[in-house]
Amino acid sequence: MSKPIRVETDLIPSGLYGAADDWTGLTITRQLARPLFVEGPGRTLRPGLLHHALRLDEKRWDFALRPGARWSDGRPIHARDIARHIAAVARQAGPFAWLVSLIEQIQPLDPDRLLLTTRHPVGDLPALLANPVFGPRHSDPAVTSGAYTPADGPPGEIRLRATGPWPDVTYVLSSGAEHGQRLYDSGAVDITCPTTFPVPRWAHRADYPDLQVDDLDIAVALLPPSSMAAAHKQAIAATLDRQDLSRRLHGALSPLDSFTGLWDPHRPTAPARSAHELFPAAGRTPIRLVFPDFSPNQETARVLADQIGENTGLTLRPEAIEYRAYLTELHTTHREDFRLVLMASPWPDPVALLLPFTRRPADRLPGGPASAFKDIVHRALAADDLQDRLGHCAQAEQLLSATGEVCLFGRLRSAARLRVKNYVSPPSGWADLSVCEPPQD
């Protein structure tokens, strides 16, 4: 029996499956629940538990299960199991219930076929179903649909037992980015956390032949204080020098000024502009810039504070907050602070990061109740062709950017040190660890 593959994690998630409210929770859910469709490198999409998709009309899809799909206890997985799980996620009202709410009805046609009806036309429903939250969960927590089942472990570890001829996995909690590197250097882990490679080490990444770097569909943004006037918020966004920020972070972030830029990484970003005239009384009272307490956010916050101070006169005071507070208090306790946020795309589609804004009350929609924002986003959602979706998304982003409430400035990059072979990180970062070959003794 091979030794377990040991993976550094920067946190122990508070929930899995439909209760996952963070990116790490979804990466672990990906191991326990086999996705309905699998996101691969280069934005490819491959069959998962579902191996066939037929669009019947603009809202109805016919899906067939992969032949021989089974639970970890050997019993077959049926269409009703997937339908039951999706209904359960919708009832949980958890962080991904909105994602499931796009599905109006899910009907098993026979043991291995499903009919899905969506509330709005969805041009690429299989991509939506690639999110790990859709992978079915058994009523018995010890039984799973994925490559692993949960196993007991000591505090600070999450242990997964393999359901096939591949090594077990153990997630090992680190206390910080540098601690994770020390764990790797000492042989205590075989894969480092891909989102916390220390910024100073990015400057010398050529010295790490075991480092694999990938672009992630995670946008990094600044949220200005909620009560700040829209014109001032727009001015803050215009003061950010995204190219300079990327250089000062040694490439840990790549420049980004729009969600559609995730699909066009070579598009230029606008140069920074001064806005001192809009902030004549700036600098008298420091304003907090809060960020989740893990790398590279601290370094990013410092650069943002420098740039905004130089171009507006505002004095920003970077301050780390605990991850739980970051998830729950950004729009309450910290609504009048500047806030550094990471926005992970919930499925591989340019419309995915815009759709949540359509769920607001009419008077809070980008552009106001008379704007066409919601209609434009829904046209993007319905489009069959990717270029059509990108075009509609670009229109919607113009309305969103006019509010100034989300100042995009970077795309997070994955950087994992590896002793294993065959590690593949798709843009979501939800890697399948069962394909990895462990290090040789």
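Let's start inside this predicted model, at the lining of the second largest pocket, whose residues divide into ten nonpolar, six polar and six charged. Altogether 22 residues line this pocket, and Ala237, Ala238, Arg242, Asp257 and Ser401 are the ones nearest its centre. The space inside comes to about 540 Å³.

Now turn to a sheet. Strands pair through backbone hydrogen bonds, in either a parallel or an antiparallel way. Here, four strands form an open sheet in the order β1-β10-β9-β8, and the pairing is mixed. β1 (5–9) and β8 (148–151) stand at the edges with a single partner strand each, so one side of each has no neighbour in the sheet. On average, neighbouring strands of this sheet are turned by 25° against each other, direction ignored.

β8 and β9 (residues 157–162) run antiparallel and are joined by four bridges. Within this pairing, Pro150 stands opposite Leu160 in β9. Helix α1 (residues 23–32) packs on the sheet, where it touches β1, β8, β9 and β10 (169–173). The direction of α1 makes about 115° with that of β8.

Terms used
Residues are numbered from 1 along each chain as its sequence is written. This is a predicted model: local features need pLDDT of at least 70, side-chain atom pairs count only at pLDDT 80 or more; totals for chains, interfaces and linings use all residues. Side-chain values use heavy atoms; hydrogens and water are left out. On a 1 Å grid over the protein atoms alone, a cavity is a set of points where a 1.4 Å probe fits but cannot get out, and a pocket is an open set with protein on both sides within 12 Å along at least five of seven lines; lining residues have an atom within 4 Å of a point. Grid points are joined across faces, edges and corners, and a volume is the space filled by probe spheres set on the points. Ala, Val, Leu, Ile, Met, Phe, Trp, Tyr, Cys and Pro count as nonpolar, Asp, Glu, Lys and Arg as charged, and the others, Gly among them, as polar. Two strands pair if DSSP finds at least two bridges between them. Helices (H or I, at least four residues) and strands (E, at least two) are DSSP runs, numbered from the N terminus. Axes are lines fitted to C-alpha atoms, for helices over the stretch in contact, and angles run from 0 to 180 degrees between N-to-C directions. Contact means heavy atoms within 4.5 Å.
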